[in-house]
Amino acid sequence: MSQYVLRRLMIAIPSLLGISLVLFVVLALAPGDPFSELATNPNVPPEVQQALRARFGLDDPIYLRYLHWLNAMLHGDWGFSFVSRMNVDTLILQRLPATLYVIGSAQILALLIAIPVGVYAATKPYSLFDQIANTLAFVGFSLPTFFTGILFILIFSVTLDWLPFVYTTDIKATGIHYVLEMIRQAIMPVAVLGLFQAASMTRFVRSAMLDVIRLDYVTTARAKGLGQANVIVKHVMRNAMIPVVTLIALQMPAVFGGAIVTEQIFRIPGIGSLLISSILSNDTPVVMAVTFVFACLVVLFNLIADVLYGWLDPRISLR
Amino acid sequence: MAPLLEIKGLKTHFSTDDGILQAVDGVDITINRGETLCVVGESGCGKTVTAMSILKLIAMPPGRIAAGEIIFEGRDLVPLTSNQLDEIRAKEIGFIFQEPMTSLNPVLTVGEQIAESLRRHENVTRKQALERTIEMLKLVQIPNAEGRVHNYPHQFSGGMRQRVMIAMALACKPKLIIADEPTTALDVTIQAQILDLLQDMKERFGMAVMLITHAMGVVAETAQRVVVMYAGKVVEEADVDALFADPRHPYTQGLIRSIPRIDLDSEHKTRLEAIGGSVPILINPPVGCRFAPRCKFAMDVCTEKEPLLRQIAPGHRMACHLGDVQLGDAAGALA
Amino acid sequence: MAGLTLASPSAERGVYSPWRETWRRFSRHKLAVVSAFLLLILILAVVIGPFIWRVSINDIDIVAGMQGPSLAHPFGTDDLGQDILARMIYGGRISLAVGLAAMLVSVFIGTLVGALAGMSRGALGHGLMWLTDLFLSLPQLPLLLLLIYLFRDGLKQVFGPEGGIFILIVLVIGGLRWMPVARLVRAQFLSIREKEFVEAARALGASPVRQVVKHILPNALGPVIIAGTIDVAAAIIAESTLSFLGLGFPPDTPTWGRLLYDAKDFLDIGPHWALFPGGAIFITVVAINFIGDGLRDALDARRVI
Ligand SMILES: Nc1ncnc2c1ncn2[C@@H]1O[C@H](COP(=O)(O)OP(=O)(O)OP(=O)(O)O)[C@@H](O)[C@H]1O
Ligand code: SF4
Ligand SMILES: [Mg+2]
């Protein structure tokens, strides 16, 4: 097993390198010098500008520039944000927890909805429940997060006035009230993101279950008189989760997309809204770094999925 | 003594895109205690569906038991719910499936899979279940059973997996074992070993076996009685000797002629007398005898009236108008 | 092999043309049929709408601002008093055009990559599949934003503000969504390559390109059509998302996403402003997705009965 994890890690490294290469090429191909506006920006002292040019080796050959850049990224030397007036890595570390909190809770909510609904729908295919669940799932992933977000605000904040629609980090309360307020303000963003994901996950779970439910070994299990619930949980679900893990991992890039939108709508101070604001203020080092962080998160989640996959499927880990 | 299992007029239908598929259409099969009954017939004639209907293991929906009775030890299983049948599954009737490669759950160890039926049906602790499982694995001649019990199915060969399947089916010492083509997917040499093992186990535990196969050679070696199925119906039923000595239904005759003959020289050996044509479609089947399109002896009456299964000699039944004509003649002569 | 001697059930009941059979299966998916009808209406509305609803999209009338739906303005007006219906008709053309064009780009790239990967057994094939997997794990929206951030000014200078961003968005969305098609096409190649009719064509000396065009691609058509349909929906969402984040089309181009972006700060006084364009995006996307589902029923042989 540990060998398997190690091998997966070895596969993750080239994809990280590949992603960094893609990012760098995009940056290098971009017309104009992304740092040129620093020259005209009166806020930037000339010696900083000089240091920047030297560190990024803007006059070196391209592969050297890539290596320099990569080296700097690996050393946590992600540059300086002139807009926020702090180091990019500090800035990102400040913003990351809010993003992970929302994405993580949304993921849990999605699983809590998708697994029971998908499993139950698959045990009664084409029943009324299945058809309703299926249609709702379709509607769910056809509803773009920015529209659901707006609908939620319209309903729960504007009309009903139940929930706040602006997320804040300095809640003026302590103790239990602080926790409650934290939860209250996270409800809408988490619901928007979680429901969006639950929609596609439900379909994954259902179709994976249906694929497994027809297999011979499920008949074998039923022939043992184990009872419906036991057969479904122990024999069908256990196997159906294997492809679902991969599908969920493949879904991660879309989840981050949804997170950016949600953070923007509810003004959550995470790295998604940081990305948008730094694009709007031409803060290139931050834009690059946030994109890279998102890429790393995707690779990380893929790695986690691979490990889970190996843990769920004995045929993999024992090989 | 009352038979162990009596299937009467079983009809199992599937709803499909194109209409109702009558996979099993009025089948009668009787199995006595301790006997080996072979069910033969070519692919798609409804052998598996018949067997799976007994414990309602067919997919429902689209499958449905449309009519019939399945009486096991005096109790009709058809009206029972799946929950009620769970008490009979594995405990009273064990199943061995055709495909050892796909019939075991890939993510559970073989030990868990055998033990789970013991733990379901018999009041045993985890430890006792493990011991019994190892014992069963030894019984079906799995070398190093203590170690192998913790292995996953993919670590076994096809023949070994089928041994595991047999161990699983035998674990609760059922009164009837239904083996659905247990050797079709295996190498010829392994096939013989598995059949021997099955025979062995049967004698040791004194249970009845319903062996489904399309190999007439297997039938000749193992069966006491034989049921021949064609297109969802039983066309002939007899003791094995009677069937081979005096096959009455044209389809059975064809089947028997298709057995490779060892005693012929090599040139003839390769020329099996295959039955021309193939199984008719089971959606809206034609009236009359379903074998008629392929039958050498087909007469007008064959496409008009369905031949019914009747006794033609003690313990020998068949469904063919040919018999009718002969019987009719005999009856006429008697009068 | 037995299948060759067996008369197939459909052959017995008269010969169906494959298109008739496809339509028969598609039409059994009620929601897909309704969706196709809805989408047709939507397309007609944005194509011929401007000829019927002749209100200008940027006539400013502050006095008539923030009005709810009325006879004069069926979808109401925005803060500047501009007619939302007229703006939505205009924006709908852009959204649908972006969706279709981006789909074509992704299908083109995907087919090319998939075909190359399917044909070459060596390093090229492996390399391309690695690239496909890499692209699948790229965070799409951040990258999309990054690309637009870096390139929009350059393209704006060459193609004008609207044309430049259109080309950029189409290329970038298409360029980030070709992977499923590439996988499907490659899978078709691998499964069909060994089949008899391709072998026969090869034995008869058909050139590789000819084999691909005549034998393999037509077989990959079904799955690719399904994936392409879904791609249209995804591209429309991607474009709306960009516009919603204020990073898509220029502010005076009223795409549906842009309308939502402008409306989102007025939810309390003018909810209609957000609901109509949001509803339009949703209906379009859900309709396309249902059509894709219907096509899957109709074109994909691997169905559970
Ligand atoms: N779930 C199902 N849905 C629809 N039709 C089915 C289903 N299961 C079986 N059938 C049909 O029932 C008929 C009988 O199948 P069955 O599996 O009993 O044949 P068999 O005699 O066991 O053949 P084989 O020797 O190939 O195992 C076939 O025509 C098959 O297509
Ligand atoms: S009933 Fe007629 S067709 Fe059928 S087997 Fe007998 S002779 Fe042949
Ligand atoms: Mg069978």
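Contact here means heavy atoms within 4.5 Å. The model is predicted, so local features need pLDDT of at least 70 and side-chain atom pairs count only at pLDDT 80 or more, while totals for chains, interfaces and linings use all residues. Residues are numbered from 1 along each chain as its sequence is written, chains are lettered from A in the order in which they are written, and side-chain values use heavy atoms, with hydrogens and water left out.

**Exercise 1.** Determine where C:P250 lies and which residues it touches.

Solution. 
- Step 1: C:P250 sits in the loop of chain C between α11 (208-244) and α12 (256-263); helices are DSSP runs of H or I, at least four residues, numbered from the N terminus.
- Step 2: leaving aside residues up to four places away in sequence, C:P250 touches C:P161, C:E162, C:I165 and C:R258.
- Step 3: C:Y90 is 160 residues from C:P250 along the chain, with 14 Å between their C-alpha atoms.

**Exercise 2.** Decide whether C:P250 is buried or exposed.

Solution. 
- Step 1: buried means under 20% relative accessible area, exposed over 50%, and partly exposed in between (1.4 Å probe, protein chains only).
- Step 2: C:P250 counts as buried because its relative accessibility is 18%.

**Exercise 3.** Describe the interface of chain A and chain C.

Solution. 
- Step 1: chain A gives 50 residues to the contact and chain C gives 44 residues.
- Step 2: the two chains bury about 4000 Å² between them, 83% of it on carbon and sulfur atoms; this is the accessible area (1.4 Å probe) lost on being put together, summed over both parts.

Methods. Helix = DSSP H or I, 4+ residues; strand = E, 2+ residues; numbered from the N terminus.
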